[in-house]
Amino acid sequence: MSSFRSKLVRAALGAPAGLLAAFTALAVAELVAGLVRPAAGPVTAVGGAVIDRTPAAVKDFAIRTFGENDKIVLQLGILAILALIAVGLGILAMSHRRAGAAGVLLFGIVGAAAALSRPDSTGAGDLLPSVAGAVAGAVALYVLATEAAPVPAPADAGGQTNPGARSRRGFLAAAGVTAVAATSAGALGRYFTGRQGRGAVASREGLVLPGPASPAPSVPAGVQLKVPGITAFTTPNADFYRVDTALTVPKVDAGTWRLRVHGKGVSRPRTYTLDQLLARPLIERDITLTCVSNEVGGPYIGNARWLGVPLADLLEEAGVRPPSKGGRADQLVARSVDGMTLGTPVEDVMDGRDAMLAVGMNGEPLPFEHGFPVRMLVPGLYGYVSACKWIEDIELSTFDAYDPYWVKRKWARRAPIKTQVRIDTPKPFARPAAGTVTVAGVAWAQRRGITRVQIRVDDGPWQDADLARQAGVDTWRQWSYRWQATPGGHTLTVRATDGTGQVQTEQRTRTIPDGASGWHSVFVTVP
């Protein structure tokens with residue numbers, strides 16, 4: 001057999017051998033993770049480590065480009081890279097079996113190190129999925145490479161031998177057995193992972209939320225404009241934006257969940273169960289949440305009716321005082337079950353606004369994607385400093401003593417929401433007919449409210465838009481303007497004024513470090 005043909009055969013056998021070995025490694029790792037802890041699986045652990053080490057600007061680009069699919073893109077990217085490496089190791093193993101197997105083991109070490117480095121790591125047990133998967137993958141590759149090695153076959157009638165015949169038959173048999181075994185392991189892993197989450201699902205399905213002691217007022221007439229294409233005042237749970245770093249959504253059993261309150265200036269530390277929180281007087285409020293990654297005119301904002309426990313009451317019971325009243329702590333550090341940390345000014349939490357530990361969203365228990373069983377909300381602050389999902393720990397500290405997750409990555413420590421306005425309709429590059437065109441959208445300035453929205457067509461004068469009725473200072477406000485459209489291309493620009501009389505700044509800034517600013521505009525063509 002020629003050298004070139006020999007190389008082609010090695011590549012033809014090595015590539016699938018490497019991919020099968022990688023598949024085996026991931027399947028066995030998923031099986032062990034299902035038995036130990038799903039979040040310790042190598043893809044999740046490595047993906048989380050990548051997110052933690054990605055520069056803020058790159059994260060912002062990913063959110064802007066891929067939206068809520070950014071995590072799927074990351075996981076697919078990891079799998080694609082693993083597949084390319086697996087092909088390379090498979091081809092290497094055709095000539096150097098031990099070297100190829102050692103390469104698989106090396107990636108197991110990488111996965112194990114990533115699992116241990118995660119802030120939610122529970123210890124040495126998190127090593128097991130990556131280690132077990134790597135060993136299984138290395139063994140699979142070694143066996144497949146051995147079976148692919150040429151073995152002299154008996155001579156045929158003409159006295160010729162075909163050294164590849166038996167090797168290919170043995171390889172195909174071994175590959176079939178490996179594929180079946182790996183598929184079975186992966187299926188079992190998914191079963192065990194699903195079983196671990198069943199208790200959490202059952203606890204949510206069985207949860208009956210009590211009525212609020214302080215209900216939200218009915219949404220006033222005139223809050224929702226009857227304009228096609230405008231964003232609804234209340235965002236359905238299924239449509240509410242989700243921006244976080246969790247590659248797998250934590251499923252927390254409400255029966256075993258606990259919240260600890262402790263730290264600087266806490267004279268009476270407390271630990272609460274969900275039942276204890278639900279037994280307290282609850283408040284219900286319409287609150288608009290905004291993500292700091294929301295670009296000018298972006299989609300990462302939503303309004304819901306939240307049910308929860310007043311957070312200031314819990315802190316007062318623990319002996320906490322705000323800095324303005326002599327309190328020792330100026331930062332509340334909230335920790336999630338997945339290790340995320342958020343830092344919130346204690347003064348803001350205790351200044352009378354409706355900061356809460358939310359248990360309900362739009363009339364039902366929090367969805368898992370939005371923090372079940374409990375999340376924190378502080379009106380007027382961007383989510384990265386106020387809206388901790390899956391919260392399990394509240395520590396009172398100072399800004400000088402501790403930097404939370406996003407602050408370590410160069411985001412601002414304090415982040416009040418900036419005044420913004422968005423055009424919902426017409427969409428960019430739309431082609432509305434000449435005549436009366438209704439331009440409409442939403443504006444927000446939580447804690448201050450919106451008192452004015454103005455629109456400009458091209459370089460013309462600013463014109464006042466009509467404002468919908470405002471439901472409260474913590475919610476967005478709809479607006480509309482009847483534009484007499486003339487043929488040609490036009491740029492529509494909007495700006496808002498908040499309740500303090502401050503006009504929204506024209507200056508465009510990035511989302512980093514404390515939220516985007518600038519006027520939103522769309523270009524349309526009137527035929």
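The following dialogue explains how several terms apply to this predicted model.

Guide: This is a predicted model in which local features need pLDDT of at least 70, side-chain atom pairs count only at pLDDT 80 or more, and totals for chains, interfaces and linings use all residues. Residues are numbered from 1 along each chain as its sequence is written, and side-chain values use heavy atoms, with hydrogens and water left out.

Visitor: Why is V131 called partly exposed?

Guide: Buried means under 20% relative accessible area, exposed means over 50%, and partly exposed lies in between (1.4 Å probe, protein chains only). V131 has a relative accessible area of 42%, so V131 is partly exposed.

Visitor: What makes the nonpolar surface patch?

Guide: The patch consists of L105, V131, V135, V139 and V143 and covers about 370 Å². Patch residues have over 30% relative accessible area and no salt bridge; like charges are joined within 9 Å, and nonpolar side chains (Val, Leu, Ile, Met, Phe, Trp, Tyr) within 5 Å. A salt bridge is a side-chain nitrogen of Lys or Arg within 4 Å of a carboxyl oxygen of Asp or Glu. Accessible areas come from the Shrake-Rupley method with a 1.4 Å probe, and for residues only the protein chains shown count as cover. Helix α6 (residues 128–148) supplies the largest share of the patch, 4 residues, and V131 lies in this helix.

Visitor: How do you know that β17 and β18 pair?

Guide: Two strands pair if DSSP finds at least two bridges between them. Strands (E, at least two residues) and helices (H or I, at least four) are DSSP runs, numbered from the N terminus. Strand β17 (residues 488–498) and β18 have 7 antiparallel bridges, so the two strands pair. Within this pairing, H490 stands opposite V524 in β18.

Visitor: Why are β14 and β18 at the edges of their sheet?

Guide: The open sheet has 4 strands in the order β14-β13-β17-β18, with antiparallel pairing. β14 (463–464) and β18 (520–526) each have a single partner strand, so one side of each is left without a neighbour in the sheet.

Visitor: What makes strand β10 mostly covered?

Guide: In strand β10 (residues 391–397), 5 of the 7 residues are buried.

Visitor: Which strands pair with β10, and in which sense?

Guide: Strand β1 (residues 258–263) pairs with β10 in the parallel sense over 4 bridges, and H262 stands opposite E395 in β10. Strand β5 (residues 331–336) runs antiparallel to β10 and is joined to it by 6 bridges, with S397 in β10 as the bridge partner of Q331.
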